[in-house]
Amino acid sequence: MTPIACESRDLSVAYRADPVLQHVDFRVPVGSVMGIVGPNGAGKSTLIKAMLGLVTPLAGTSEIFGRPLDEVRNRVGYMPQSATVDWDFPTTVIDLAVMGTYGELGWFRRPGKAERERAMAALEQTGMQDVATRQIGELSGGQRQRAFLARALVQAPDLYFMDEPFQGIDAKSQQSMIEVLTGLSAAGKTIVIVHHHLASVLDFCDHVTLLNKTIIASGPGEEAFTSDNIRAAYEASDGAEAFLTAAE
Amino acid sequence: MDPIEFFSNHIFRMVFFGTTVIGIVSGALGAFAYLRKQSLISDVIGHAALPGALLAFLTAVVIFGVNGRNMLLLIVGAVITGTLAALFANVVAARTKIAIDTAMAISLTTFFGLGMLLLRIVANNPFPGKGGIQDYLFGNAASITRADLTTSVVVGAFALTVMLVFWKEFTLRTFDPVLSTMLGFRARVIDTLMFATIVIAIVIGVKAVGFVLMVAFVVTPPAAARQWTNTLPAMVILSAFFGGLGSGLGAYLSISMGNVPTGPVIVLVLFAIFLISLLASPKRSIVVTALRRVEARKALKREFNTEGAPR
């Protein structure tokens, strides 16, 4: 059996009294690229946040590499949703990438030359070295996502969580990001991606989870990503119908 | 008044250096308040610090029978009620459907009203050493003593040291609270430390400037500095510089002009720095931005017109 990178058992989360996730059993095999797909408000981001200990679940447990999160923090990377970032924050691309080293530095220790070199290497990997000294707000949509991808790479984790990494980016940036992701996957890293564009899910995900407060289906791409499952997850929403009609 | 005459006077020197230290400290610490979008909470803290300072005075005089106008005592009282007011606003906003701006306005006016009431009680009763206590409201720079200056420097240096020691943690928590928590940095520890530095930035100027106007020292310099800078270290340094410059210049001007209160003049000088920054900064100037937008719209219009023209 393939080892498991992260797993939640009977996970339920509520914001105030509104249930967002109910009895979610979710497991991601090591080395897979798992796409979490579902309609707005399905709890996609919440699932990631619960696994990362950012929201406290009402019930259930999560484990990363078979351990509590606290013991494996340094093996986990995270890329936030673009909309939640303060793009006017006075920081440059290179400084952003250096933040990827903060976890292993821990309290008090400051990043030095070695950390900056690692950050620069990650920027080269994502094709961002030429804009390293730009303030992050001056970047295009695609560059912004690549800057955050670079920061996640600097963390050098074994498991990546990415919240809508392809939101608002151009085709070229998307291509170069997919190349990086493919490379990570080939190197045995595990990637969990929240994604909302149904048509492109199977372009880069080999596993899919359809989520709408509960798990509708989860598994290898073609097995889980079936018309019936998509319909069940989206409850006949217009966007999904259009996609399914186009696919048939 | 020429500078030699100015600096040979002990009181003038105290006013100048006292307000400059306050400006530097508040300007530097204010940068994080600005970036965390907590400018208004500084206003709440400033107003709510009044009853705390007065309660500290009353406690010292009535219960312990000691001098109630000790600056450190003042700061402790101000920190307590300032914190309570900010907590109250945040808890109300988080637990009820009342929005944060309403919660802050209610908190601010209630604590300030209590402060005004205490001020009247102090004024109407023969407490020893109460002279000048009405200055807590709008400050009196001429009352700065050497001991006050020392206290400002020590407390200010302490707050700045906290900021420098936790620079990395403060930056990450401000910019990306999610990653900060995820990497295992305790949010509550960082927030408490940051909040403490912001409160210190406000209460440090109580004697010289008063609580009401101190907010300008915390809010205006960073807003001006952000116009010119693109990195956090540069912004904090420039904000401290603007704070110090505005305070020193304001103090000098107010004394040179004769019987003019120092705090308000400094606030006006800080506003002038802010205005110049808005208009003249190379990348974010409102003039340059507006001109660029007009040009871009013209270009767009030409493009649409050629596209739409009959062939």
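Q: Before anything else, what are the ground rules here?
A: Residues are numbered from 1 along each chain as its sequence is written, and chains are lettered from A and ligands numbered from 1 in the order in which they are written. Because the model is predicted, local features need pLDDT of at least 70 and side-chain atom pairs count only at pLDDT 80 or more, while totals for chains, interfaces and linings use all residues.

Q: What ipTM does the predictor give the complex, and what does chain B average in pLDDT?
A: The complex has an ipTM of 0.87 and a pTM of 0.87. Chain B averages a pLDDT of 90, with 98% of the residues scoring at least 70; pLDDT is the predictor's confidence in each residue, from 0 to 100.

Q: Where in chain B is confidence lowest?
A: It is lowest in helix α6 (residues 135–138) of chain B, at a mean of 80, and highest in helix α13 (residues 232–256) of chain B, at 96. Helices here are DSSP runs of H or I with at least four residues, strands are E runs of at least two, and both are numbered from the N terminus.

Q: Over to chain A: in what order do the strands of the open sheet run?
A: The 6 strands follow the order β5-β6-β7-β3-β8-β9 (chain A), with mixed pairing, where two strands pair if DSSP finds at least two bridges between them. β5 (76–79) and β9 (214–220) of chain A each have a single partner strand, so they stand at the edges and one side of each lacks a neighbour in the sheet.

Q: How does β8(A) pair on its two sides?
A: Strand β3 (residues 33–37) of chain A runs parallel to strand β8 (residues 207–212) of chain A and is joined to it by 4 bridges, whereas β8(A) and β9(A) are antiparallel over 6 bridges. A:His207 is the bridge partner of A:Met34, and in β9(A) the bridge partner of A:His207 is A:Pro220.

Q: Is β8(A) buried or exposed?
A: 5 of its 6 residues are buried, so β8(A) is largely enclosed by the rest of the structure. A residue is buried if 20 or more other C-beta atoms lie within 10 Å of its own, exposed if 12 or fewer, and partly exposed in between, with C-beta atoms placed from the backbone.

Q: What about α10(A), which residues there are buried?
A: In helix α10 (residues 227–234) of chain A, the buried residues are A:Ile230, A:Ala233 and A:Tyr234. They cover an arc of only 85 degrees around the axis, which puts them on the same side of α10(A); the arc is that of the directions from the helix axis to the C-beta atoms.

Q: Which residues touch the most other members of the largest nonpolar core?
A: Of its 160 residues, those are A:Ala97, B:Ala49, B:Ala53, B:Ile202 and B:Val203. Such a core is a set of buried Ala, Val, Leu, Ile, Met, Phe, Trp, Tyr and Cys residues joined through C-beta atoms within 7 Å. Helix α2 (residues 10–35) of chain B supplies the largest share, 14 residues.

Q: Last topic, where does phi turn positive in chain A?
A: A:His23, in strand β2 (residues 18–29) of chain A, has a positive phi of about 50 degrees although it is not a glycine, and with 14 C-beta neighbours inside 10 Å it counts as partly exposed. A:Ala156, in the loop between α6 (141–154) and β6 of chain A, has a positive phi near 45 degrees. A:Lys213 takes a positive phi near 70 degrees in the hairpin of β8(A) and β9(A), which has 1 residue between the strands.
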